[in-house]
Amino acid sequence: MSVNIQLSEGEAAVLEGRMGSKGQRMALEIVLEAARILGAERLVPIKSAHIDGCLYHGASGTLFCERLVELGAQTTVPATTNVGALNLLKPAQSRLSGEARKMAFRLMVAHERLGCVPSWTCAPYQAGARPGLGAQVAWGESNAVAFCNSVLGARTNRYGDFLDIACAIAGRAPYYGLHVAENRHATMLLDLSDIPADWQQDEVFFPVLGALIGRLAGARVCAVKGIQGAPGEDQLKALCAGAASTGAVGLVHLIGITPEAPDQATAFGGRPARDVRVITPRMMIEAKRDLSRADTGHIDAVALGSPHFSSDECRALLAMARDTPFKVPVYVCLGRHSMIDLERDNTSRALEALGVVFVLDTCVVVTPILPDHPGVLMTNSAKFAHYAKGNTGYDPVFGSLHDCVASAQAGRVVGSRGGW
Amino acid sequence: MRWQGEVLCEGRAKGEVLRIDAPLSFWGGVDPATSRVVLAGHPQYGVLIKGKIVVLHELIGSSSSSAVLLELIYRDVSPLALILGQRDAILPMGVVVARQMGWSTPPVLLVPDPQFASGVVLSIDRDGGIST
């Protein structure tokens, strides 16, 4: 195998069994197979990994991870875990059946035994995993990949099941795609000049723009011209998550904002922007409308936190609620890193008193938590809106956080609908 | 007739082609327990992919498709072989891991713009040769 790939001395030693465990050898063989299949000429050492493979899809994945454990494999770089299928602090919250529950739990445990950092979050960048500009890493989970490349300027492809953990153990990834500097230049320009400036102040602007970017860019690297001010991290998170849900977006440059795009020329590597698309108000309106599949007045639940809600967003939710309780359950999905913060000043208790159900370590679209009689689910997340119907059966209604709060308090859709 | 594919995962197979006529993500699109296509509205909705030489022109969607293919192999309901129209590592990773686990695995070939119709019987050899 791997006849065309240049091996370093250390890699050769692991493959020949002169160095490392059998599990490390198995992981390196998997990474080399991926490199061969993708046409990479060598591997690149990585500084960190984010592991998406801890979400349960079947017994075979658990058996694979446990085999790595038995063979003595250990991660050799810091490797945070994405969401699993269970809230480990409240396992009964998920309605997974007996055998699946057991294997889903074993899968999460196996990742801990491989030396992963048990962060169980799809927003590892909130939990302190923030590789620097130009750092080579191997990250999974589409929103985290887009954030890592675009906002942090670290370099990763879109890693997925098995290859992510294999890279974390081998400490290496196939050198191709977005690991290579010249592949990171934009090839498409999205121009916001025709969008009224005040639209950018709207809470839904960034998730909707993200969803539109995904549709237009697909797997291409694009650059967006015309973002004003300095968007906050939660806004950038929402944009990346939207783009990575509707398209295979791994990297989007926001000119004047993200680190590899101080100006248009740099974003395009000095080449002219040949494919230019002007975003029209109509395109934004349609992209927003496409995120809703229900138009009834009634809602059954609200889901927030895809990607995981930050503590800032939780505090904003509490402030907007103004002590008025919710008539339908409001599921807030978040990581333990945020929960610790919210417990300190009693924000979590105050939100629970209003009717918030906290979902830690996982989220409501990847494991059965919502009541098993699908109805209408309101959300401010483009990603939840995109996946809700297929994964949960619920019809999504998309709106701002203000709209979600007002609707949860009324038990029906209310808010600023009909604006742009 | 004879064609040459690029070997992404080595193996031999002989069987009937099942051509997938619209993009399909295995995750969310194929039931890992039965191999049935479960994506509503898909041209192959309801069809079992087990025991077929599955031809996929265009790959989309989740990187968890590797996990679904591994599960199909583990449950012995996998396709006989996969012919991909585009270079991609996601489905091949399911095969690479299955081989590491010692399970019997289907070959995966890359054939740009594969023109094989459903129902045709093909033989695939270890070097990526395809013949009727």
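Which residues of strand S4 (residues 53-56) of chain B are buried on one side, and which on the other? Ile53(B) and Val55(B) are buried on one side and Val54(B) and Leu56(B) on the other, and both faces of the strand are covered. Buried here means that 20 or more other C-beta atoms lie within 10 Å of the residue's own, exposed means 12 or fewer, and partly exposed is in between, with C-beta atoms placed from the backbone.

This is a predicted model, in which local features need pLDDT of at least 70 and side-chain atom pairs count only at pLDDT 80 or more, while totals for chains, interfaces and linings use all residues. Residues are numbered from 1 along each chain as its sequence is written, and chains are lettered from A and ligands numbered from 1 in the order in which they are written. Helices (H or I, at least four residues) and strands (E, at least two) are DSSP runs numbered from the N terminus.

**The sheet of chain B**

- S4(B) belongs to an open sheet of eight strands with mixed pairing, in the order S1-S8-S7-S3-S4-S5-S6-S2; two strands pair if DSSP finds at least two bridges between them.
- At the edges are strand S1 (2-4) and strand S2 (6-9) of chain B, each of which pairs on one side only.
- From one strand to the next, the twist averages 30°.
- Strand S3 (residues 13-20) of chain B runs parallel to S4(B), and four bridges join the two.
- S4(B) also pairs with strand S5 (residues 81-84) of chain B, in the parallel sense and over four bridges.
- Leu56(B) is a handy landmark: Leu56(B) is the bridge partner of Ile20(B), and the bridge partner of Leu56(B) in S5(B) is Leu84(B).
- Across S2, S5 and strand S6 (108-110) of chain B lies H2(B), running at about 60° to S2(B). Such angles run from 0 to 180 degrees between N-to-C directions, and axes are lines fitted to C-alpha atoms, for helices over the stretch in contact.

**Around Thr132(B)**

- Thr132(B) sits in the segment after strand S8 (129-131) of chain B.
- Thr132(B) is exposed, with 10 other C-beta atoms within 10 Å.
- Although 131 residues separate Thr132(B) from Met1(B) in sequence, the two are 5.7 Å apart in space, C-alpha to C-alpha.
- Beyond its neighbours within four places in sequence, Thr132(B) is in contact with Met1(B), Val120(B), Val121(B) and Leu122(B); contact means C-beta atoms, placed from the backbone, that lie within 7 Å.

**Where the chains meet**

- Chain B gives 20 residues to the contact and chain A gives 24 residues.
- On the side of chain B that touches chain A, the elements giving two or more residues are helix H1 (65-74) and helix H2 (90-100) of chain B.
- That side of chain B divides into 13 nonpolar, five polar and two charged residues. Ala, Val, Leu, Ile, Met, Phe, Trp, Tyr, Cys and Pro count as nonpolar, Asp, Glu, Lys and Arg as charged, and the others, Gly among them, as polar.

**The three-stranded sheet of chain A**

- Chain A has an open sheet of three strands in the order S3-S2-S4, with parallel pairing.
- Strand S3 (79-81) and strand S4 (138-139) of chain A stand at the edges with a single partner strand each, so one side of each has no neighbour in the sheet.
- Strand S2 (residues 49-51) of chain A pairs with S4(A) in the parallel sense over two bridges, and His50(A) has Trp139(A) as its bridge partner in S4(A).
- H6(A) lies across S2, S3 and S4 of chain A, at about 145° to S2(A).

**Helix pairs in chain A**

- The axes of helix H2 (residues 22-38) and helix H6 (residues 163-170) of chain A come within 8 Å and cross at roughly 120°.
- H2(A) and H6(A) are therefore oblique to each other; angles under 35 degrees count as roughly parallel, over 145 as roughly antiparallel, 65 to 115 as roughly perpendicular and the rest as oblique.
- By class, the contact of H2(A) with H6(A) has 10 nonpolar, two polar and no charged residues.
- Helix H11 (residues 311-321) and helix H13 (residues 347-354) of chain A have axes that come within 10 Å and cross at roughly 50°.
- Cys314(A), Arg315(A), Leu317(A), Leu318(A) and Ala321(A) of H11(A) make this contact with Thr347(A), Ala350(A), Leu351(A) and Leu354(A) of H13(A).

Note on methods: Contact = placed C-beta atoms within 7 Å.
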